[in-house]
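Subject: Structure handover

Dear colleague,

I am passing on a structure that you have not worked with before. Please look through the sequence and the coordinates first, and then read the notes that follow.

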Amino acid sequence: MTERSRTITWNEPSTLAEAVRTLSGIELLRRVAAGEFPTPSIAATIGFRLAEAEEGRAVFEGGWGEHLLNPAGTLHGGWYGLVLDSAMGCAVHTTLPAGVGYTTLEYKVNITRGITGDTGLLRIEGWVVHRGRRTATAEGRVVDAAGKIYAHGSETCLILG
């Protein structure tokens with residue numbers, strides 16, 4: 001048995017939390033994508049980054065590592081949920097004014113094919129389907145460089161504030 005280790009570093013989260021209170025969602029996420037603000041600690045933990053943000057849409061990029069495998073040696077199914085929830089939730093966040101937050105009420109994920117070490121860089125795309133006063137819905141997908149879909153999902157968010 002060969003033991004491996006992984007070191008994770010992240011930025012202190014209060015800077016980002018304060019920015020959520022003072023910037024609109026689209027302003028904040030564009031600045032995170034540009035590297036002007038730190039990424040949330042979950043991005044460092046899982047290994048993905050916000051690549052694009054526009055009104056009603058957010059795109060993350062990343063891959064996976066062997067630290068994310070399940071006992072069968074394949075990528076843990078929770079990874080798909082985590083990255084899709086991030087992209088779909090951030091897509092909703094792009095529609096919010098400063099000081100208004102959101103939380104995920106529920107999400108559904110459909111895994112369509114397994115991700116292996118040969119899959120390469122993945123894009124996790126989320127977009128808003130409906131934005132109301134108190135709730136929003138979004139959809140998302142995980143695709144490779146050729147556009148092959150590995151998972152897709154939907155989400156409902158509660159708008160806070």
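In these notes a residue is called buried when its relative accessible area is under 20%, exposed when it is over 50%, and partly exposed in between, with a 1.4 Å probe and protein chains only. Helices (H or I, at least four residues) and strands (E, at least two) are DSSP runs, numbered from the N terminus.

Please keep in mind that this is a predicted model, in which local features need pLDDT of at least 70 and side-chain atom pairs count only at pLDDT 80 or more, while totals for chains, interfaces and linings use all residues. Residues are numbered from 1 along each chain as its sequence is written, and side-chain values use heavy atoms, with hydrogens and water left out.

The protein has 4 helices and 6 strands, which follow one another along the sequence as α-α-α-β-β-α-β-β-β-β. Its C-alpha trace spans about 50 × 30 × 25 Å along the principal axes, and buried residues account for 39% of the 161 residues.

Helix α4, residues 77-93, is the element I would look at next. Its 17 residues reach 25 Å from the first C-alpha to the last, close to the 24 Å expected at 1.5 Å a residue (the expected span being 1.5 Å times one less than the number of residues). Because 13 of those 17 residues are buried, α4 is largely enclosed by the rest of the structure. S86 belongs to this helix and is buried, at a relative accessible area of 16%; leaving aside neighbours within four places in sequence, S86 is in contact (heavy atoms within 4.5 Å) with F48 and F60.

For contrast, T15 lies in helix α1 and counts as partly exposed, at 40% relative accessibility. Beyond its neighbours within four places in sequence, T15 is in contact with F37 and P38.

Finally, there is a pocket to examine. On a 1 Å grid over the protein atoms alone, a pocket is an open set of points where a 1.4 Å probe fits, with protein on both sides within 12 Å along at least five of seven lines, and lining residues have an atom within 4 Å of a point. The largest pocket is lined by 26 residues, of which L16, P40, C90, H93 and Y102 are the closest to its centre. Among the elements that give two or more residues to this lining are α1, α4 and β3.

Best wishes
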